[in-house]
Amino acid sequence: MGWSSVVMLLLPGDARACGPHLQNALVNEPDAAIWAAPVADFRVEVAALTPRSAYTYQAAGALDVEAADLAGRGVDVAAWLLWRRGKGPRPAVPGELPPAWVRYADGAARWRAHDWEGATAAWRDVLALPEPQRRDRAVWATYMLAEAEAAPQAFDAVFALVDAGAPDPLGLASAALGERARRHLDRRDWRAAVDDYLAQNGTGNPGAILSLDLVVRDAAEADALGAWATDPVLRPLATAWIVAHGGPSPDEGEAERTRAWLRAVEAAGVTVPEADHLAWMAYQLGDITSTAAWLDRAPPSGLRDWLRAKLLLREGRLEEAEALLEQAAAAFPEDLAWTEGGMPRAAEAFTDGGMRPSQEAWAEAGVVRLAAGDWRGALDAFMASGHWTDAAYVAERVLTVEELVAVVDADGSGSTEGLAGRLRYLLARRLLREGQETRALPYFSGELREAAARYLDARARGEAAWTAEVRAAALWEAALLARTKGLELLGTELQPDFSLYEGDFDYMPRIEARAAEAGPTLAPTSDETARVAASAPDPDQRWHYRYTASSLAQRAAAQLADDDPRVPILLCRATRWHLDRDFERAQTFVREALRRTRAWPPEECADPTFHPERVRNLAAAGIALIGLACAGWWRRRRRG
């Protein structure tokens, strides 16, 4: 075997390239988790300020409704739509077609052609028809006449018609709120514009949020926000906008805007129901004194408790902070999700519908419990928060096996779904890794339970079989299962195997980073450190189950004579399983092959062939022959 062949043998296999969905872990950076300032979701904040609306946003366009109305009425609908888009003449229409439909469409076609007078005249004709005839297009014509005027009050007629029961399939009342708001905004009537945009948001119109964002931005650029501080509608909107745009690390311009707003609200001397949000804003600046002062003025809320807990943790008051975090988790609505904003660490949470502050408060309570040595409480908090990586760290590395068994058994559901199912599966693999095979099997499910049973049966036969051939075959079967199903049966959820990412990535939480990233308040205790060390897999190496597989292959080879052609094949397999990660380990099998067979392992690792059934049959035949011989001897003895 030449050196070029050796080099080729030592090259790793094909690498996989893809973009992972990597989860963050609070236990990996506890200080960052606790000290981080939440970032507001402007949509959520605006929703809390939005009144209920009697109007409804509709996504349908006028041409869609017209096409549906004209279907089956003797009109060439395709030609009609071309005409309405200004790309053809008006098609012939039957006399029985409602005149309001034709006159409205004629006005719209003229409007498109910039014939403003002809358009408005056609729409006035619609409104001049008797009530039953104009009903289907009355709101449409009224809205377009209002569009033709500059005065905001022109849209009042639209609301009057819809309030009186006129049909509004296009959601023009919702659109009219936005148009009226825009005209108020042109006049710098901030309050009137905001009232209308908030009302439009209540209709479900998706454009209202963007419009409100632009209103506050315009006021900020016009240096007009200071005057908003005394207004009970404008002030909370500006607060929501600033706390959503400031973030945990605002640039100097954002920081100065935030400071100016806090000064303006303070100077206004008014009662501020949203004082918890102003405390939030101060906390984003890192102004702890101002944060505490605003919290003292805030009414009870989940946000108030959450921020106060952060301040307590800065003082090292873990027990008080934990109680407030639990209180905050209960105070936030469970269905409240921040899909824009949230925590700097929590971008991955958006994949399942947003970051939920109730869950984040629970997760931070888990960090505090971990620092206090409350292992079971930490696991409960992380499970409640949905932070699986943090829960897995406690379950796999901090709890003892018996403690984890007690947690899983106490659940009693036997569920294989959700986080409870993942915890059960984690326990199954941990028990199997730690040699508690019979206890492990019930915690596996489905095909994995069958694979685990095959693996254990092969291991048992490899220990107890009478003949070397059968032992070698069984050990090789176990080796293959450990190599091909090792991640599923023996792999660690987190470090070093990262079954969490199907073994493709060795991302956090990193055990060594936990102590390095934690300050004195939230650092792991000596007890936690000892537990983590005791729970490490053997060996504590990436894809550790490959070591198990190669050891089993080596043991299978040890059952055979040195001149058996299967020996180099088995050692070749053991070598291959370590080339891309542990070159020194691979060399041990190369050296063993040289020592036993005086030859390198082959370049291509074939499959060793075993015939355990043949051995069993020969053994059975031998036993039968011995039995016959004994029977014959016994008969001869009796005759003699």
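**Note on a buried aspartate and selected salt bridges**

1. A salt bridge here is a side-chain nitrogen of Lys or Arg within 4 Å of a carboxyl oxygen of Asp or Glu; Lys and Arg count as positive and Asp and Glu as negative, while His and the chain ends are not counted.

2. The model is a predicted one, in which local features need pLDDT of at least 70 and side-chain atom pairs count only at pLDDT 80 or more, whereas totals for chains, interfaces and linings use all residues. Residues are numbered from 1 along each chain as its sequence is written, and side-chain values use heavy atoms, with hydrogens and water left out.

3. Asp-276 lies in helix H15, residues 275–285 (helices are DSSP runs of H or I of at least four residues, numbered from the N terminus). Its side chain is joined to that of Ser-301 by a polar contact of 2.8 Å, that is, a pair of N or O atoms within 3.5 Å of which, within protein, one must be able to donate a hydrogen and the other to accept it, residues adjacent in sequence counting only if both atoms are side-chain atoms. Beyond its neighbours within four places in sequence, Asp-276 is in contact (heavy atoms within 4.5 Å) with Ala-298, Ser-301, Leu-303, Arg-304 and Leu-307.

4. Ser-301 sits in the loop between helix H16 (288–297) and helix H17 (302–314), and counts as buried because its relative accessibility is 18%. A polar atom of the Ser-301 side chain lies 3.0 Å from the backbone nitrogen of Arg-304; with residues up to four places away in sequence set aside, Ser-301 touches Asp-276 and Ala-331.

5. Elsewhere, the structure holds 41 salt bridges, and one of them links Glu-326 and Arg-369 at 2.9 Å, N to O. Glu-326 belongs to helix H18 (residues 318–331) and Arg-369 to helix H19 (residues 357–371), so this pair ties together parts that are 43 residues apart in sequence. Glu-326 is partly exposed at 29% relative accessibility, whereas Arg-369 is buried, with a relative accessible area of 10%.

6. Arg-376 and Asp-380 also form a salt bridge, their closest N and O atoms being 3.4 Å apart; the two are 4 residues apart in helix H20 (residues 375–385), and so are separated by about one helical turn.

Technical notes: Buried means under 20% relative accessible area, exposed over 50%, partly exposed in between (1.4 Å probe, protein chains only).
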